[in-house]
Amino acid sequence: MPDSSRLTGIAVAASGLMLVAGGVHCGEPDPAIAASLGVGLLHFQFEEFDAQDRRLVKESGWLPGVEGRFNVTGQRATLSIDLGYYSGDVDYDGQTSAGVPIDSTTDADILDISVEAAYRLPLGLPPRVYFYAGGGYRHWDRNIRSVGAVSGLDETFRWWRAETGLKLQLARGAHSWELAAGLTRSLNPQVEVDFGATFDAVTLDLGERWGWRTAAGWSHHVAPQLTAGVNMFYASWDLGQSGVETLTSDGAAAGSVFQPRSESRNYGAVLSLQRGW
């Protein structure tokens, strides 16, 4: 059964979505629709640690990508759907299971989808204050390239997440600014490890952990229904160590395997154009 933290995260996200659904449908005037497309640059950093908190692996580098958004805005609420894709090569500084250092390259492909509901709080302040809640899904293909006699490794990370936080928005003429900060919770994180012809593939359950995200954006109306903007963000999350599973080769036991705990610290920026209707 899901643990209490998972149920709490799901409940928070569901409550926010229901609040916004009511606000969008009941608000006056009619909801406004907008869609945006942008190009982004993500600084990716991923580290793995052993049980004594000694670093085993560090991967880092810049990844180019694209991001898209579709949102519906009512009188006091907004419902948004976001899609992001980043891909490229990052530096791999790690070691074998025997402790032999390895300098290699990792191919990274990251797909992220999220749904968010935001409700404007009736505080009467100059900046508009929104409470938001929602959820998302992340799929990350990690291909560690072979180096000399050391074989590479293909891993696929995937997990759901719940998130909630606050946003501040301020508009002056054709310019708008936004600040956002919130908490995230990974839900049911897993990694599928493909050893190639050496061992059978295995799927490991990882530990759920809390994270956080902050963002700052600026936008400018360049035409009646066209807006250009830039958004900068920082996101931090961890994944707990998996349990120990039996490693097999053609179905026969050949040892054991586990995934170390990890920390991710990512930041970047997105330039985008938005069209409204």
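Strands here are DSSP runs of E at least two residues long, and helices are runs of H or I with at least four, all numbered from the N terminus. This is a predicted model, where local features need pLDDT of at least 70 and side-chain atom pairs count only at pLDDT 80 or more, while totals for chains, interfaces and linings use all residues. Residues are numbered from 1 along each chain as its sequence is written, and side-chain values use heavy atoms, with hydrogens and water left out.

View 1. Gln 190 sits in strand β7. Its side chain makes a 2.9 Å polar contact with that of Asp 205 (a pair of N or O atoms within 3.5 Å; within protein, one must be able to donate a hydrogen and the other to accept it, and residues adjacent in sequence count only if both are side-chain atoms). Leaving aside residues up to four places away in sequence, Gln 190 also touches others, including Thr 156, Phe 157, Arg 158 and Leu 204; contact means heavy atoms within 4.5 Å. Also in β7 is Asn 188, a non-glycine residue with a positive phi near 50 degrees.

**View 2. Strand β9 and its two partners.** β9 (residues 210–223) pairs with β7 (residues 175–194) in the antiparallel sense over 11 bridges; pairing takes at least two DSSP bridges between two strands. Leu 179 has Ala 216 of β9 as its bridge partner. β9 also runs antiparallel to β10 (residues 226–239), with 12 bridges joining them, and Thr 214 stands opposite Tyr 234 in β10. A hairpin gets from β9 to β10 through two residues.

View 3. Arg 142 pairs up with Glu 59 in a salt bridge, their closest N and O atoms 2.5 Å apart. This links distant parts of the chain: Arg 142 is in strand β5 and Glu 59 in strand β2, 83 residues apart. Across the whole structure, the search turns up 18 salt bridges (a side-chain nitrogen of Lys or Arg within 4 Å of a carboxyl oxygen of Asp or Glu).

**View 4. Asp 53 in a loop.** Asp 53 lies in the loop between β1 (32–49) and β2. Its phi is near 65 degrees, a positive value in a residue other than glycine.
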